[in-house]
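Please open the model in your viewer and keep the selection panel at hand. The stops below go from the whole chain to individual side chains.

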Amino acid sequence: PHSYQNPFSSSSPSIPPRNRRTPPPDPSTSVLHSALRTNHESEARALNVMRNLQSQRQQLGSARDDYLRVGEMTAQARRELDAIREKAVWRRRKLYGIIAMLASADAFLVWRMAVCGGYFFCGRG
């Protein structure tokens with residue numbers, strides 16, 4: 001009444017495992033695996049560097065656009081300030097002209113009153 005047991009099954013306690021000798025690793029295979037791993041790591045790092053460079057390029061482009069926009073706005077502000085300054089100079093000259101006319105009229109009226117004996121019109125008095 002012995003039952004059949006598979007000699008390759010792991011549940012067989014009566015058969016000890018084979019003692020296989022594994023061949024030593026080939027040095028060229030180890031070097032090849034190391035080279036492939038290094039290559040993959042290098043590609044991953046290069047991809048990260050390229051992404052960073054692309055991001056920095058976009059940032060530089062954006063900064064350049066901002067710089068140009070600020071330059072245009074500064075030039076426009078300068079033109080507006082020049083226009084305001086020019087208007088202020090023109091208004092100041094106009095004001096000095098009005099002051100000169102009023103001072104001349106006042107001086108004439110003071111002279112006329114002095115000549116006419118205190119009256120505004122001569123011939124009365």
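A residue is called buried when its relative accessible area is under 20%, exposed when it is over 50%, and partly exposed in between, with a 1.4 Å probe and protein chains only. This is a predicted model, in which local features need pLDDT of at least 70 and side-chain atom pairs count only at pLDDT 80 or more, whereas totals for chains, interfaces and linings use all residues. Residues are numbered from 1 along each chain as its sequence is written, and side-chain values use heavy atoms, with hydrogens and water left out.

Of the 125 residues, 2% count as buried. Switching to a surface, the chain exposes about 12300 Å², of which carbon and sulfur atoms supply 60%; such areas come from the Shrake-Rupley method with a 1.4 Å probe.

Next, select Asp66 and Arg69, which form a salt bridge with the closest N and O atoms 3.1 Å apart; the term requires a side-chain nitrogen of Lys or Arg within 4 Å of a carboxyl oxygen of Asp or Glu. The two residues are three apart in helix H1 and therefore separated by about one helical turn. Asp66 is partly exposed at 35% relative accessible area, and Arg69 is likewise partly exposed, at 44%.

How many salt bridges does a search of the whole structure find? The search finds two, so select Arg85 and Asp82 for another, with the closest N and O atoms 2.8 Å apart. Both lie in helix H1, three residues apart, about one turn of the helix, and Asp82 is partly exposed with a relative accessible area of 38%.

Now move to Val115, which lies in helix H1 (residues 27-115). Val115 belongs to a nonpolar surface patch of about 700 Å², made with Phe108, Leu109, Trp111, Met113, Phe120 and Phe121; patch residues have over 30% relative accessible area and no salt bridge, with like charges joined within 9 Å and nonpolar side chains (Val, Leu, Ile, Met, Phe, Trp, Tyr) within 5 Å.

Finally, look for ring pairs, which are rings of Phe, Tyr and Trp (its six-membered ring) with centres within 6.5 Å, stacked if the planes are under 30 degrees apart, edge-to-face if over 60 and tilted for the rest. By this rule the count comes to one aromatic pair: Phe108 and Trp111, tilted, at 6.0 Å centre to centre and 35° between the planes. Phe108 is partly exposed at 44%, whereas Trp111 is exposed at 51%.

Conventions:
Helices (H or I, at least four residues) and strands (E, at least two) are DSSP runs, numbered from the N terminus.
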